[in-house]
Structures are given as C-alpha cells and as structure tokens.
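We will stop at a few places in turn.

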Amino acid sequence: MQPGIVHLGLGAFARAQTAVYTEDAMLAGGDFSWGIVGVTQRSATVARQLAPQDGLFTVVEKGECAAPLRVVSSIVETISGRDNPQDVVDRIAATTTRIVTLTITEKGYRFDPRTGSLDLADPEVQADLAGRPPLTAIGQIARGLQQRSRTGAGPITVLSCDNLPANGELTATLVRGFAAGLPDPERAPLLAWLDGNATFPSTMVDRMVPATTESDLDAVERELGLRDEAAVVAEPFKQWVIEDNFASGRPPWEDSGALFSTEVAAWEAAKLRLLNASHSMLAYLGLAVEKETINDAVAETALFKATRSMILTEALPAITLPEGLDGERYCEEVLRRFANPALGHTTAKVGSDGSQKIGLRLLPTLRGTFDAGREPRWATLAVAAWMYRVATAAPTDLNDPLAAQLQSALPATRTADTVVPALLGFRPIFDQDLARNERLSTLLLHWYRILHDAETIDDRLRSLGNEINHG
Ligand code: CS2
C-alpha cells in the first residue's frame, strides 16, 4: 500500500469511518495507492498508540447486526501534528498525496460563525500566518498547498468530513482566507494556484462513534488475543455522501457503499437538523435528569417524545430533503439508533462543544418555524436545556472552547430570569434577530423554569411529561 491521502484529525471517528471506507475501496478496486497518512492535531496520543502497531487498529461494532471484529490496515503512517508540524506540510505537499481529508470537529476550523470566514483574531491562526510551522489544520493545509504550488506537485482535493453545512465551501473559504492573510508577495500566487489546482467537495458523514473505554480495550484483548491500544467502537450503521469533484483522482468509495451526489447540502441539512439536533437535545435533557448515556436518555418517555416532536413537527418541515430520502422514516431510524443499548455514547460527550453546535443544529429550526408562523416549542426546549447545562455545570465539566466566555456572560445568581437573557445576548451564538424575538425568550423562560424549579430529578421528568401530554 502506498500513501495517497493525508488525514488531519485522527480521532475515533476517522478510524471508524474514513479509514474503513478507504480500505474497502482499495480492496474492491485493487488500487493500493490510497493509503492514509494520519495526523493527530492537539494531542499526540493516537499517533503514539498507532505507531507501534504499524497503524493497525480494530473496529468493534456494537448493537444489532454488528459485524465481527475487524482489523483495519489503511493507515500507513502516523504523525503527531503538534510535535512535527513541518512534516505535516511536507506530506501534504508530497507529489504522491492527492487528497487531504479532515475530521477536526467544528472548533478545529477556527471560523467566525457570524461571517463564515477565518477567525483572524485567533492567536493560533495569527501565529500560523506569521510563519511558524503551522499548528492549525487550516494553516497546515494552506502551507502544504503553498509548497505544492512552488514545487509543481500538482492538483489536490481537500475533503472535509465534519458535521458542518457546506463543509467543502467553508473549508475553501477558510484556506483562501488564510492565503489572503499572507504578506503581499505570497498572497497572490497562492490564491491563483488555489483557483486552478484545488477542489473542496462537500460531504455528509454519519456514524456514531463513542469514546473507547478501558473495558472496550479489555474486551478486544480477550477476543483478539492482542492488546490493541487504538481500537475504536462504533454502531453498525454508517453513511457517507460525497460531492464528486476531485482534482486528482479518488478511491472508488462508491464500491465501499458511499453515495456520490449533487445534493450533499440537502443531505447535510437533514443530518444536522434531524440527527445531530436531536442528539444534542437528548444530551442536554439527559444531563438535566442525570442520564449518563444517550440510550438512557432516549429510554425516558418524556425525553423521547419531546425529541421526536422536535424533529418530526419542527425540524423536518423546515428543511428540503434530498431526493429519495423519506424524512419520517429517517427520523424514526435515528431514534432507534440512539436507543442502541450497547453503544454507551455519553451525554457528556455529545453535549460537549455546545457553543459550536447549537447554531448549526437547532437555531435554523427555530428560525424556520417562526418564519412559517408557528412556534418552535420543542426546539426551544433543546436550547433551554443547553442553557441550563451551561448555567449549572461545574466550570471544569463544561467542555467547550468558549467555556470561559460563557462563564463570564453568566450572572452570579442563576434563575430563568437572569440566565435566559444573559445567554440570549451571547453574540457568538445568537444573532440580534433571535435575541430580540420576544416569543423565543418567553418560550425559553418557560422551559428554563421547568428545568430549574423542579426539586428532584423525578419532578423534572414529571413536569416535562405533563408538558408533553398537555402541551
Ligand atoms: C454527535 C455526533 O458528538 C456529537 O455532537 O452528535 O458526533 C454524532 O454522533 C455523529 O455526527 C453521527 O454521525
């Protein structure tokens, strides 16, 4: 196998999705020039785990129809991007590299959600622009492409695989934003090279991949007879929809089950606003009633019904579905997938980085429902549950890149009347229109009070249940 892809963000998701599809495509097509050079971003752990295993790792499917353990071999090399940033640039610039794939999560893009452009105020972005060996993903891509432009390494495709609308266009805008931020003699040549040599297709990715636990590793060891420090756990379901716009070839991913489509934006909207939105809703409601996992949360009738109402009666009517997708069936299937008791996807993990997710997953449904002249009751409950989480979590438990700003936006005394207006005024998430929407703030106050006023967890569940049965 020869390296043809550089992958930035070697988390569990990349191993359970991108690496599996790519291995299957190579096996199906017999072209073994698409091996993956995997780059870890902030933490070197995965590179450290995979290197002594020659990049091999196990995928453990959990749930109904789970396949047997599988050892995946498509990762041919690993690099710790934090420790060896120049190596990352060199690999992206290598003539053998034809695709850069990314799973760096929402916050890894370092963009300003209000403008969709690169956050030039971010000190890490500034440092990369100033010329250090780059540590941000966008900096690494831009510097790698700059080096390609100078060495004549040829065209390349940059493929975002994160849960963001129009993730290809966004990545293109950010890489161009980086190029535009370079000093004069560097700027124009790189921008011109990008025009003719780089493509940024959009994708929709879907597979629930919880964090691997020690007991998962022990179970793998019992079955495999080997200790695999880099094993990953995933649900049996997986889906990948890709826009077919590649500058320099690609693996035959369709042979491994991926769908090439001209409607990726519609697929992504459906996925974000049905699956991810309800995932976030269950995470925050689940945290409010002390449920550790998504399957425990969805097993509570009140939470199940509220979430189901949100996607079926508010999110679904506000989106345009891609051809062939049955929206109601999709929603029911998503809820069934959440109920998978074997997966152990924690509410804390899905609830992390809320500041990066709420605006993409839930706010479009609020806007769309208000625009249609109706009240987004259930989507507002999800937002209120997020507010409740932000206001009540111990600061060390609030896993969010904007945790410090959120904490300082919060009032000292935390009731519905103080927290709701304070967080509605949090500009990185809510725009002026939403912040000034009185119907929204009344609904948020209503839900926040229900969450806040209950004296016990059971009371809280009972009050939510009453709302659902009588609302
Ligand atoms: C989840 C996603 O953690 C989260 O925010 O909603 O990671 C979700 O599991 C995947 O997008 C499923 O494809």
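How much space lies in the second largest pocket? About 290 Å³. This is a predicted model, where local features need pLDDT of at least 70, side-chain atom pairs count only at pLDDT 80 or more, and totals for chains, interfaces and linings use all residues. Residues are numbered from 1 along each chain as its sequence is written, and side-chain values use heavy atoms, without hydrogens or water.

**Stop one: the pocket.** Select Gly63, Glu64, Cys65, Glu235, Pro236, Phe237, Glu333, Arg336, Arg337, Ala339, Asn340 and Pro341, which line the second largest pocket. On a 1 Å grid over the protein atoms alone, a pocket is an open set of points with protein on both sides within 12 Å along at least five of seven lines; lining residues have an atom within 4 Å of a point. Now color by domain. Domain 1 (3–260) and domain 2 (264–469) each give at least three residues to this lining; the bounds come from an automatic or database domain assignment.

**Stop two: the cavity.** A cavity is a set of grid points where a 1.4 Å probe fits but cannot get out. The whole structure has one of 30 Å³ or more. The largest cavity holds about 30 Å³. Select its lining: Met208, His279, Ile294, Asn295, Phe338, Asn340, Leu343, Gly344 and His345.

**Stop three: two helices.** Select residues 137–151, helix 6, and residues 167–180, helix 7. Helices here are DSSP runs (H or I, at least four residues), numbered from the N terminus. Their axes, lines fitted to C-alpha atoms over the stretch in contact, come within 9 Å and cross at roughly 70°. So helix 6 is roughly perpendicular to helix 7 (65 to 115 degrees, on a scale from 0 to 180 between N-to-C directions).

Methods: Points joined across faces, edges and corners; volume = space filled by probe spheres on them. Parallel < 35°, antiparallel > 145°, perpendicular 65-115°, else oblique.
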